[in-house]
Amino acid sequence: MKKCRELVLRSLSEREKSFWELIDENEYDIKTVIATINELLGKEIEFNEKEKKFRIKEPLNYTYINLRCKHCNGRGYTKDHFEDVLNKFVEITKERPLPIADYDQGFIIPTDLALKASFMYQRGDIVDREILVLGDDDLYSIFLGLTKLPKRVVVLDIDERIIDFVNKVAENENLRIEAIRQDLSKGLPEGIGKFDAFVSEPPESFLGFKIFLDRGIKSLKGIGSSGYFGLTRLESSWAKWRWIEKLVIDNDFAITDIIRDFSIYPERENKWEDFYNHYKMMKKIKVNVGLPDIDWYKSALIRIEKVERIKEDWSDLYMDEETLATPKPFEGG
């Protein structure tokens with residue numbers, strides 16, 4: 001793809017970079033970036049086997065510049081209000097269950113949980129709300145519980161280790177959290193009630209995403225209820241994004257927010273070293289790129305809200321029932 005090729009070369013115009021840096025700075029999915037790198041190797045770029053770095057053969061007449069805000073990294077929110085909660089969360093979760101490959105697990109850094117809570121708070125989706133967490137390797141339920149703001153938090157997860165850990169913390173800290181072991185491919189458990197919001201980091205296969213989104217949608221109370229989920233550009237092409245967006249819209253939800261690269265999955269804390277031997281991506285690239293040297297796996301945070309289908313009015317170019325801040329054109333003019 002021409003644009004992906006241009007972005008790879010632009011990144012390398014700054015300096016030599018690892019495979020993981022090139023993925024992080026690109027706009028396209030892993031499959032497309034790997035195909036592009038493989039195509040460029042030996043032609044316009046070279047690979048330093050010792051340093052595990054790529055370099056461009058001929059310099060370009062422009063250089064890569066990172067223009068994202070250095071203070072918030074483009075996310076636009078602060079963790080300051082939840083700083084005490086964050087510190088307590090980090091202390092409580094030191095002995096958390098580590099990710100296992102069986103359930104496609106991985107958790108985001110605690111700071112990003114605080115930013116997510118700030119974002120949800122700003123949207124009116126935490127205070128006195130009932131919240132359902134679908135899959136909780138992040139232990140976000142514990143963070144929400146520690147804020148003391150939600151009315152109720154319920155966790156559904158297939159991993160018994162996570163269920164036991166969350167319930168133990170909830171009991172010790174007297175938090176309004178209930179964790180239930182549930183295979184979401186089998187549906188929602190009976191009797192859990194309805195919720196104001198759901199939160200999830202779904203698998204990004206077509207089937208996995210559809211199942212998690214369906215469970216979240218069915219758990220909500222109705223108009224005005226909201227959902228929060230993560231979605232990467234790494235394992236979801238823009239074509240898959242379109243499919244997911246259509247899935248959301250067809251269920252009468254509006255996409256109210258998309259914040260790129262909101263959640264970062266830390267390499268060191270997740271201890272994923274052994275996982276890379278089983279990733280298909282490692283077999284598809286022509287050279288041995290080594291283990292990651294940065295936290296490269298990131299996901300966007302997406303918020304959706306249940307809406308009523310609107311009655312369309314095509315009678316006037318400028319005015320309808322909602323254009324209340326638009327001046328009515330001069331009549332007869």
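Here is a short walk through the chain, from its overall layout to its sheet, its helices and its charged pairs.

Let us start with the whole. This is a predicted model, and its chain holds 11 helices and 9 strands. Along the principal axes, the C-alpha atoms fill a box of roughly 70 × 60 × 40 Å. The chain has 333 residues, of which 48% count as buried. Its exposed surface comes to about 18200 Å², with carbon and sulfur atoms supplying 50% of that area. If you look at contacts with a separation of 6 or more, 74% of them join residues 24 or more positions apart.

Now turn to the sheet. It is an open sheet of 7 strands with mixed pairing, and its order reads β5-β4-β3-β6-β7-β9-β8. The edges are taken by β5 (177-181) and β8 (253-264); each has a single partner strand, so one side of each is left without a neighbour in the sheet. From one strand to the next, the twist averages 20°. Further in, you can follow β3 (residues 130-134) alongside β6 (residues 197-200): these two strands pair in the parallel sense over 4 bridges.

Helix α9 lies across β7, β8 and β9, running at about 140° to β8. While you are at α9 (residues 238-250), look for Ile-249, which sits in this helix. Together with Ile-255 and Ile-258, Ile-249 makes a nonpolar surface patch of about 240 Å².

Side chains of opposite charge can pair when their charged atoms come close. In this chain the count comes to 29 salt bridges. One of them joins Glu-27 to Arg-260, with the closest N and O atoms 3.0 Å apart. This pair links distant parts of the chain: Glu-27 is in the loop between α2 (19-25) and α3, while Arg-260 is in strand β8, 233 residues apart. Glu-27 counts as partly exposed because its relative accessibility is 30%, and Arg-260 is partly exposed too, with a relative accessible area of 30%.

Is Thr-32 buried or exposed? Its relative accessibility is 18%, and buried means under 20%, so Thr-32 counts as buried. Beyond its neighbours within four places in sequence, Thr-32 is in contact with Met-1 and Cys-4.

A few other salt bridges are worth a visit. The side chains of Arg-55 and Glu-46 meet at 3.1 Å, N to O. Arg-55 is partly exposed, at 30% relative accessible area, and Glu-46 counts as partly exposed at 32%. Asp-214 and Arg-215 form another salt bridge, at 2.5 Å from N to O. Here Asp-214 is partly exposed, with a relative accessible area of 21%, whereas Arg-215 counts as buried at 13% relative accessibility. Finally, salt bridges that share partners join Arg-15, Glu-21, Lys-53 and Asp-293 into one network.

Key: Residues are numbered from 1 along each chain as its sequence is written. This is a predicted model: local features need pLDDT of at least 70, side-chain atom pairs count only at pLDDT 80 or more; totals for chains, interfaces and linings use all residues. Side-chain values use heavy atoms; hydrogens and water are left out. Buried means under 20% relative accessible area, exposed over 50%, partly exposed in between (1.4 Å probe, protein chains only). Contact means heavy atoms within 4.5 Å. Patches are made of residues with over 30% relative accessible area and no salt bridge: like charges are joined within 9 Å, nonpolar side chains (Val, Leu, Ile, Met, Phe, Trp, Tyr) within 5 Å. Accessible areas come from the Shrake-Rupley method with a 1.4 Å probe; for residues, only the protein chains shown count as cover. A salt bridge is a side-chain nitrogen of Lys or Arg within 4 Å of a carboxyl oxygen of Asp or Glu. Two strands pair if DSSP finds at least two bridges between them. Axes are lines fitted to C-alpha atoms, for helices over the stretch in contact, and angles run from 0 to 180 degrees between N-to-C directions.
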